[in-house]
Amino acid sequence: MNKSELTGWKKIFSFTFIQYYRSKASVISLIVICLLIMLSGPVMSLIGSSGASKVLESIGECKIEEVYILNDTDIEFDASGFAEKNAEYSKINYIDTEESLDSLQEKFKTDSGRDLILHISLNDEKYNLTFYRSENSEISTVNTGVFSDAVEIYFKTCRMKHAGISQETEEMLSCDAESSVVDISSISEKKDDDFNPFEMTSVMIYAFVIMMIVLVSSQQIAASIVVEKSSKVIETLLLSARPLAIIVGKTLATMVVIICNFVMIIISGGISGILTSVLMSEKISESFSKAVENMNNIESNVEGINTPDLSGMENIAITPGRILFGIVAVLITTVLAYLFYSVISSVTGASCSSMEDLSSASSFISLATVLGVYMVMGSVMLNNDLFTNITYFFPFSGIYIVPIHYIFGKASLSDLLILWSEVIILTTVLFRFAAVIYQALIYHKGERLKIKNIIALVKAQKGSGKAS
């Protein structure tokens, strides 16, 4: 491959870029997407701001006034003891009743917007605590759920007391027991103890975003070449550009189009966020603050109810310098992955003469991207160093995980450099491969060329080159 083979790539770049934005369907689709993003936030805020505020304000706010306790077991449920242990629910009026459940439910049909029925029963050697609220109940699902959890915890204490079990024995019996089967050969395997869900979520989001970029851009490049071949536009382009220049021009033009579209979508999202915050920030902020205060009250006043423990986040090895270089690493890896798959899609498109052929020919790109993502999913779930290293150094999967793991301190700079080197080498080899056969592929019409046909074409091109 020499410089003369790239002659005319700038013309192809301009032609492809202009053609995309000349397409009414493409422009209208982009405008519709941007408008939907821009207006979705403000519209939803106007429609649901009052409802959202009510939901936020109701989180953790105790609106329960009376609880009717229908106990059909021999376990005594001491309501006063429950109220004493759970200060948040001390103002509720607890009523022990012997009315039938049907009678209570009938009564709740007409009133009882702030009341609950607690039915304690024993069925099939299993205690059931069932809570009923009226159809027009003002008590939120969140509030009812937290209250039921507190009652369940206390009822367990009542059962232990009924059985004559001391508090110390109860605590011992309450300890969880866990069984596991361990293969002795796996004891020596080194596993990462710093695994956390936030890291896994970041890796998966990044992997799916890059996968979508690769699939969409690759399909767009291949489809563009097939359409131009079938409409004979490609023959006109070949008058002013070398065949290999078509790959470079279309690849770079498509990349610029994607970047421009992405920037416009980001700007639309920013405008949507600004408009939404102007419309409802003050109201939602007050409601959110109240919800946080209510939840804090529950945590401190309700026995056995705790908020999630986020202390593991402190172990993430992230530094400002690593984040800055990590962002650069993400951009470089994305560009390299894009170029790698673009060359494959260019050859794929050139080997087809119709969109029907392209559907089956694009299966390799789809399989390669999906395989890479599945390997990443397996890596983050197994959390095994050996499998993670394999995922790092296999380029079809490494592009989806190494940059994010570098940000989190799990991958080193050498891991990044090795991955980049692999992708650059593979892309260079593919460019050289394309340089040998691309002109023949461009002029090919008929049935789709398969791998064995393309390899035979390469050998024929090399043979003719030696003969000349």
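Predicted model: local features only at pLDDT ≥ 70, side-chain atom pairs only at ≥ 80, totals over all residues.

Me: Why is K250 called buried?

Reply: Buried means under 20% relative accessible area, and K250, which is found in helix α9, has a relative accessible area of 1%, so K250 is buried. Leaving aside neighbours within four places in sequence, K250 is in contact with I12, T16, I221, S224, I225, E228 and Y338.

Me: What makes Y341 and F396 an aromatic pair, and which kind of pair do they form?

Reply: Ring centres must lie within 6.5 Å to pair, and planes over 60 degrees apart count as edge-to-face; with 6.2 Å centre to centre and 70 degrees between the planes, Y341 and F396 therefore form an edge-to-face pair. The pair links distant parts of the chain, with Y341 in helix α10 and F396 in helix α14, 55 residues apart.

Me: How do you know whether F396 is buried or exposed?

Reply: The relative accessible area of F396 is 16%, and the cut-off for buried is under 20%, so F396 counts as buried. Y341 is also buried, at 1% relative accessibility.

Me: What makes up the lining of the largest pocket, by class?

Reply: The largest pocket holds about 840 Å³ of space, and of the 30 residues that line it, the closest to its centre are V209, I213, I258, F262 and T334. By class, the lining has 23 nonpolar, seven polar and no charged residues, and helix α7 gives the most to it, with nine residues.

Key. Residues numbered from 1 in each chain as written. Heavy atoms only, no water. 1 Å grid on protein atoms, 1.4 Å probe; cavity = no way out; pocket = protein on both sides within 12 Å on 5 of 7 lines; lining within 4 Å. Points joined across faces, edges and corners; volume = space filled by probe spheres on them. Helix = DSSP H or I, 4+ residues; strand = E, 2+ residues; numbered from the N terminus. Nonpolar A, V, L, I, M, F, W, Y, C, P; charged D, E, K, R; others polar. Buried < 20%, exposed > 50% of the residue type's maximum accessible area, 1.4 Å probe, protein only. Contact = heavy atoms within 4.5 Å. Phe/Tyr/Trp six-rings, centres within 6.5 Å; stacked < 30°, edge-to-face > 60°.
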